[in-house]
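Subject: Structure handover

Hello,

Here is the structure I promised you. Please open it beside this email and follow along.

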Amino acid sequence: MELCETSKDYELLTQKIYRAIIESEGVENIDVHHDVKIKGKSGVEHQIDVFWEYRYAEVRHKVLIECKYYSKPVSLIHARNMLGLLSDIPNSQGLIVTTQGFQSGVIDFCGHYEINLKRIRPPQGSDWEGYIQIVNVNGELYQNQYLDIKLVFDGKDHDTKAYFDKHGSQISFNPYDSSIEEGDVVSLIGKWLDSKIVVNLDELNTQKTEVIEPENAFIILPTKEKLKIKTVTVLWQLSRQELSISLDAMDFVHAVLEDFRSGDIEYTLNKEHNK
C-alpha cells in the first residue's frame with residue numbers, strides 16, 4: 001500500500017499527523033506550517049518541510065521537520081543538514097521523518113546530537129501483535145418488510161381538510177420515503193411502523209395486514225405540509241437475513257508514526273481523519 005503519490009503529499013501527511021497529535025494531547029499550539037522559510041541567526045533563509053511551534057508547560061518549542069519520501073534509507077548528508085539548521089535557528093529541535101529508515105551512521109550521528117528519527121509508514125500486520133486485528137461476526141438480521149401501505153387522512157382536522165379542499169383528493173408522494181411526525185418525534189415511516197407492529201418470530205415470512213389508528217400523527221409531504229393520519233393499513237412480513245461480517249483493523253488505519261530507534265508506535269492516523 002502506497003501512502004502518498006509525491007513528496008509533497010508525504011509532507012502534508014506529516015503535517016496532518018502532528019496536528020492530530022497536538023489536538024489529542026491538548027498542548028497549546030502556536031502553529032503547524034508546511035513548506036515555510038525561516039531566517040536563521042546568520043541571516044540566511046532556510047526552507048523547512050514542516051515547522052511545528054507549540055507551547056507546553058509554559059515553554060515554547062520549535063520543531064523543524066524534514067520529510068524524506070525515499071525508497072531507500074536516508075543517508076548521513078541529510079542528518080548533517082539538519083544539524084546545520086539547528087545551529088542557525090536557535091531554540092529548535094530537529095526531526096527527520098522518512099518511509100524506509102536510516103543508514104547506521106545517521107542513527108549514531110542523530111543520537112549524539114539529539115535529533116529525533118521517525119518513520120511514517122503504512123500499517124502492517126505485526127502492528128497488531130498482542131491485539132485483535134480481525135473480528136468475524138456471524139448472525140441473523142430480522143427485519144420487517146413493508147409490502148403495501150395505504151393511508152387514510154382525518155378529514156375532521158382543520159388543516160388537513162383545508163389542504164384537500166384546495167388540492168382535491170389526489171396526493172402525489174411516495175409513502176415509503178415519507179416521514180411521520182407523532183408528538184415531538186419525526187421519523188421515517190418504516191421506523192415508525194417498526195415501533196407500532198408487534199413481531200412474532202413464529203410468523204417468519206408470513207404476510208400479515210395491520211391497521212394502525214394513531215391518535216395524533218401527521219404525514220409530512222415533500223412540500224413540508226402536514227396531513228393528519230386517521231388510519232394506516234400496512235401489508236407486511238417478517239424476514240430473516242444471514243449476516244457474515246469481517247472487520248480488519250488494517251482497513252481503518254491510513255498511516256503509522258513509529259519511533260525509529262525503539263520501534264514504538266507513537267500515533268496512528270485513521271482513514272476517516274485523513275479525509
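Start with histidine 158, which counts as exposed at 64% relative accessibility. Buried means under 20% relative accessible area, exposed means over 50%, and partly exposed is in between, with a 1.4 Å probe and protein chains only. Histidine 158 lies in helix 4, residues 158–167. Now look for arginine 55. The C-alpha atoms of histidine 158 and arginine 55 are separated by 64 Å, and the two are 103 residues apart along the chain.

A word on the source. This is a predicted model, in which local features need pLDDT of at least 70 and side-chain atom pairs count only at pLDDT 80 or more, while totals for chains, interfaces and linings use all residues. Residues are numbered from 1 along each chain as its sequence is written, and side-chain values use heavy atoms, with hydrogens and water left out.

The whole chain

The protein chain has 5 helices and 13 strands. Both are DSSP runs, numbered from the N terminus: helices are H or I with at least four residues, strands are E with at least two. The C-alpha trace spans about 85 × 45 × 35 Å along its principal axes. The radius of gyration is 31 Å, whereas a compact globule of 275 residues would have one near 19 Å. That radius is taken over C-alpha atoms, and the globule rule is 2.2 Å times the number of residues to the power 0.38.

Of the 275 residues, 40% count as buried. The chain exposes about 16600 Å², and carbon and sulfur atoms supply 47% of that area. Accessible areas come from the Shrake-Rupley method with a 1.4 Å probe; for residues, only the protein chains shown count as cover.

Contacts come next. Contact means heavy atoms within 4.5 Å. Take the contacts between residues at least 6 apart in sequence: 63% of them join residues at least 24 apart.

Two cores

In soluble globular proteins, nonpolar side chains tend to be buried together. A nonpolar core here is a set of buried Ala, Val, Leu, Ile, Met, Phe, Trp, Tyr and Cys residues joined through side-chain atoms within 4.5 Å. The largest one has 23 residues, of which Leu13, Ile17, Tyr18, Trp52, Ile65 and Ile120 touch the most other members. Elements that give two or more residues to this core are helix 1 (7–25), strand 2 (45–56), strand 3 (59–68), strand 4 (92–98), strand 12 (253–259) and strand 13 (265–270). Helix 1 gives the largest share, 7 residues.

Which residues does isoleucine 17 touch, not counting those up to four places away in sequence? They are Ile120, Ala255, Leu257, Tyr267 and Leu269. Another core, of 20 residues, lies apart from the largest one, and Ile189, Leu221, Leu227 and Val232 are among its members.

Residues to click on

Tyrosine 69 sits in the loop between strand 3 and helix 2 (76–88). Tyrosine 69 touches Glu2, Leu3, Cys4, Glu5, Thr6, Ser7, Tyr10 and Thr99. Its C-alpha is 7.8 Å from that of threonine 6, 63 residues apart along the chain.

Lysine 196 is in helix 5, residues 189–196. Lysine 196 is partly exposed, with a relative accessible area of 33%. Glu182 and Ile212 touch lysine 196. From lysine 196 to isoleucine 65, 131 residues apart along the chain, the C-alpha separation is 60 Å.

Leucine 247 belongs to strand 11. Leucine 247 is partly exposed too, at a relative accessible area of 40%. Gln133, Ile134, Val135 and Phe252 touch leucine 247. Leucine 247 and lysine 230 are 17 residues apart in sequence, yet 46 Å apart in space, C-alpha to C-alpha.

Backbone angles

Most residues other than glycine have a negative phi. Glutamate 114 is not a glycine, yet has a positive phi of about 55°. Glutamate 114 lies in the loop between helix 3 (104–112) and strand 5 (116–121). Its relative accessibility is 68%, so glutamate 114 counts as exposed.

Lysine 224 is not a glycine either, and has a positive phi of about 75°. Look for lysine 224 in the loop between strand 10 (217–220) and strand 11 (226–248). Lysine 224 is exposed, with a relative accessible area of 67%.

Best wishes
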